[in-house]
Amino acid sequence: MAAFALVATLAACTESADEPLRIYTTVTQETVDTVVAGFNEATGHPVEVLRLPTGELNARIASEIRTDGITADILWLTDPLSMHQYEADALLAEWEPAGADRIAADFRTASTWGTRILNLVIVAGTEVDPVPASWNDLSEISGPVALPDPGFAGSAFAALAYFSQTEGFGYFEALHDAGAVQVQSPGEVVTGVAEGRFTAGITLDFAARAAVSNGSPIQLIWPEPGAIAFHSPIGVVGASDSDTARAFIEYVISDDGQRRIGESGWQPVIPGLGGPEPGGSQVTIAWTEAASQQSSLLASYRDLFGG
Amino acid sequence: MRSRRPWVAVRWGLLSVTLSVVIGYPVIRLGVEVLTNFADIGASLVHHASIRAFANTAVVAAATAVTSLLIGTAGAVVAQRTGSRSLAAAMISPILIPPFVSALSWVDAYAGGGLTDDLFGVRWARLFGPIGVTLSIAVNAAPVVFLIVSGSLAAHRESDLVEAARASGASAVVALRSVTLPLIRRALVGSGAVVVVLAANAYGVPAVLGLPAGFDTITTLIHRELAFSADAAAFNRAVALSMVLMILAAALATRVERPTARTPVPVGGLAPHRVHSRHRRSAALLWGYWTAAVLVPLVALVLRAIVRAPGLDPIPAHWTLDHFRTAWTSLAVEAATNSVLLAVAAASLCVLLGGALVTVRTTRLGRYFETVPLASFAVPGSALAVAALLAYSPRLRDTIALVLIVYVGKFWVLAHRPLAGAVDRIPVETRLAARASGANEREVLLRIVGPMLRPAVTGAWVLVFLFAVHELTMSVLLFGPGSETLATVTLNLRQLGDSAATSALAVTMTVGVVALGAPLFFGWKTRRRVVTTP
């Protein structure tokens, strides 16, 4: 009984009297912290952040939808796939933030806006010869190639979506026949290549850049016809639409918000505001089409690489 | 006797209510979710990928149970015989490292480009795939067996009985078969059941060691569905797979575990223990196992934490403390404190409730009650957390109460099993003798039964504490915004793919737990030795 009394007291303590802006996000801690700090300085409005990996956040949102609705004011995710689903389910508010026209059309919809750009690139060992120059070279080089699992990392799903739209599923069959291996995350691809387990791999520019700058024996290759670029979208939850929530979105895509994103190591969605520059051309994905094929794409991939 | 009746009722009432609150209602709520969305689910369960994953899980669970029972029991018996505290600490040590980190450290140690490859050109090809997955989970699970079996051995003064058997001319094998194994059978079966369930819902290890070989288990399947659960159908499939896993694991575990009849055991006297040379040989073997399974990977883990970037040779010129700084910056003191307090609360509650469950296990209803915590242990953490969110939102959302409810539901069995293993064969005569000598029930509990159970209680508490401190997916799902725990910090580093900082954090946590736990552990062992030394 004493234990339950303790529990009740603790429970009461964690409830807050304020009505802070509530953000659910999968964006890396450093990035969300610096942007929230900037918004605080600008407006003084309190913000509370729940930061989870994609799978856990989606599960939490799913459980909220099934009880009393999403309790967050804002969703800020890493890749457009889940956001696309929430938009299709009419869970997000449709409006036009100030400055949204500065975002390229590929990276925004009627209720979601890109905040930063993630690029899928090739990472290879420094001694690989010849150096793979295009995505198609990956199935030609000798030694195993590492791929991140699209069932774990949303970024890996972007690769699955892009290649199935451009090269067809045969691209993955060729990689598989050449001995490609899937690992869990883009970070593990970089580690595996650096340690010599894999000759090359597909990963995020962010992960590869960090290892290169620390002296890992790897190289970041910006392949032809371009790095696969996708945006990290943000949107206002329709049921809790408010001026504060809208102000936050406008802050994130403002010059100040974008500069902070750049300083935290990611490419801002609006060019010319600092951060890492793309190392070459970029290609994009038709997300509406990709989202509608999600299940069949994943099933084919799973038949090839695992399970 | 009449005066005890109200207490019996209170005990049953407390257990029924707690079981319903922490397990029954959330799981039923999850079941309702499955039934109302059956259209989305039916086909996915009989899909060939699901069937293969179920088969893989069953094989891994069975093989893991056998392997960790061998390791854990051998460790417990030899540690008991030799009285070696360091061997006992070594046998428990794998549990200090979270399974996911331990799998990564095996990769660092034994995969191509790993430590043994760099030093001796030796790499282990089978690391990725079913064998690596099974062995890695078995090493992580062996401490559970070790703790449960050790508690049981100590409670029965097994070594004294074996000494007696040996003195009467029994061979070592005969003594093992006719004294040791019958004494600890209940503990073996109980810990075997826990290991089966533990292996069936392991996620970190198959994700690291199974995925590259295309070896899927139900848990990796569930996590994939969960990753796409913005799509309602994917969420429903994840929930359904979790329910099926729970039902299968519970059915398997309860089949393994049949109630055994209690046979009275004579109480042994206290005899001086001789350490035989064969014990030394067995101990050497166990130290060999520990070196390969724990020490070498641990060295690889430390190297990964201090080498500037992956792929660089682990020479001093490449060493840095930057990764520790990264880990420590995000590791606010608050996060560590939150995690430790929560784990302390969970461990204490679980030991109390585990003890309560043990007291009713002689009744038929009590045995049904016992299977419930085992079944809920089989539900993957994220699914159990979702169940609790569905059941108790919005009232308890973002509260510590909800986290504790789920922790107790999940870890109850870890406290219950060591206690049950130890209590089950405390001879009835002990209590009767004390009662006949004029002790009342309270004195029997405090003076006789309590001291006999102390090792098992400590073991149970430590087990739950460590599982709770390492727990990732449930706590991140249940905590509200802004509450940092070790889990949120770890997952952040892991999502970034920053394996060096993840390793640094794991090294820090391990050192912290060792620093906290070592005095407790060695203090407890010393006190017990004083008792057994004539």
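A: Two strands pair if DSSP finds at least two bridges between them; strands here are DSSP runs of E with at least two residues, helices are runs of H or I with at least four, and both are numbered from the N terminus. Residues are numbered from 1 along each chain as its sequence is written, and chains are lettered from A and ligands numbered from 1 in the order in which they are written.

The part to look at is strand S9 of chain A, which spans residues 227-236 and is mostly covered, with 10 of its 10 residues buried. A residue is called buried if 20 or more other C-beta atoms, placed from the backbone, lie within 10 Å of its own, exposed if 12 or fewer do, and partly exposed in between. Strand S3 (residues 74-76) of chain A is joined to S9(A) by 3 bridges in the antiparallel sense, and in this pairing A:Leu75 faces A:Gly235 of S9(A). S4(A) also runs antiparallel to S9(A), over 6 bridges, with A:Asn119 opposite A:Ala229. Strand S11 (residues 282-283) of chain A pairs with S9(A) in the parallel sense over 2 bridges, and there A:Gln282 stands opposite A:Ala227.

Spanning residues 113-125, S4(A) runs antiparallel to S7(A) and is joined to it by 5 bridges, and A:Val121 has A:Thr203 of S7(A) as its bridge partner. Strand S5 (residues 145-148) of chain A pairs with S7(A) in the parallel sense over 2 bridges, where A:Val145 has A:Ala200 as its partner.

A:Ser164 belongs to helix H5 (residues 154-166) of chain A, and it counts as buried because it has 21 C-beta neighbours inside 10 Å. Leaving out residues up to four places away in sequence, A:Ser164 touches A:Phe169 and A:Leu297, contact being counted when the C-beta atoms, placed from the backbone, lie within 7 Å. A:Arg209, by comparison, lies 45 residues from A:Ser164 along the chain, and 27 Å separate the two C-alpha atoms.

Turning to the whole chain, chain A is divided into domain 1 (7-116 + 231-276) and domain 2 (118-228 + 288-305), with bounds that come from an automatic or database domain assignment. The centres of the two domains, taken over C-alpha atoms, are 28 Å apart, and 12 residues of domain 1 are in contact with 10 residues of domain 2. On the domain 1 side of that contact, helix H4 (residues 80-88) of chain A gives the largest share, 3 residues. That side divides into 3 nonpolar, 7 polar and 2 charged residues, where Ala, Val, Leu, Ile, Met, Phe, Trp, Tyr, Cys and Pro count as nonpolar, Asp, Glu, Lys and Arg as charged, and the others, Gly among them, as polar.

One caution concerns confidence. Chain A averages a pLDDT of 90, and 94% of the residues score at least 70. Over residues 1-17 of chain A, however, the pLDDT is below 50, and this stretch has 14 contacts in the model beyond near neighbours in sequence. Where pLDDT is low, the predicted coordinates should not be read in detail.

Technical notes
This is a predicted model: local features need pLDDT of at least 70, side-chain atom pairs count only at pLDDT 80 or more; totals for chains, interfaces and linings use all residues. Two residues are in contact if their C-beta atoms, placed from the backbone, lie within 7 Å. pLDDT is the predictor's confidence in each residue, from 0 to 100.
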